[in-house]
Amino acid sequence: MGIIVQVIGSLLILIGFVFSQLGKLKTTSLNYLLLNAIGALILGIDAFIGKQWGFVLLEGVWSIVAIQGLVKYFNKEKVK
């Protein structure tokens, strides 16, 4: 895809990271998990299209972990 897509995916992940480091977002919050999942999915798809297998691995695992966090978050919300 284009560099704009890569920058958007990267910014989503970085925004979550920076805000978590500043104490503005908890790493278990919905916003943090969504930023990571969406950003990693964007970058993972782009890496797959570009056959950049190292980045497919990195962003694929990042996506899976973020999505597992989302599942855990929504399962916790159902219990409340």
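Guide: Happy to! One term to begin with: buried means under 20% relative accessible area, and exposed means over 50%. Keep in mind that this is a predicted model.

Visitor: Got it. Which residues of α1 are buried?
Guide: They are Gly9, Ile13, Gly16 and Ser20. These residues sit on the same side of α1, because they cover an arc of only 55° around the axis.

Visitor: And what exposed residues are on the face turned away from that buried side?
Guide: That face of α1 carries Ile3, Ile4 and Gln21.

Visitor: How many residues does α1 have, and how far does it reach?
Guide: α1 has 19 residues and reaches 26 Å from its first C-alpha to its last, close to the expected 27 Å. After α1 comes Gly23, with a positive phi near 80°.

Visitor: What about Phe17, where does that one lie?
Guide: Phe17 lies in α1, which runs over residues 3-21. Phe17 has a relative accessible area of 44%, so it counts as partly exposed.

Visitor: Switching topic: which residues form the largest nonpolar core?
Guide: Seven residues do: Leu25, Tyr32, Leu33, Leu35, Ala37, Ala66 and Leu70. The elements giving two or more residues to this core are α2 (30-49) and α3 (53-79).

Visitor: Which element gives the most?
Guide: That would be α2, with four residues.

Definitions and conventions. Residues numbered from 1 in each chain as written. Predicted model: local features only at pLDDT ≥ 70, side-chain atom pairs only at ≥ 80, totals over all residues. Heavy atoms only, no water. Buried < 20%, exposed > 50% of the residue type's maximum accessible area, 1.4 Å probe, protein only. Expected span 1.5 Å × (residues − 1). Arc of directions from axis to C-beta. Core = buried A, V, L, I, M, F, W, Y, C linked by side-chain atoms within 4.5 Å.
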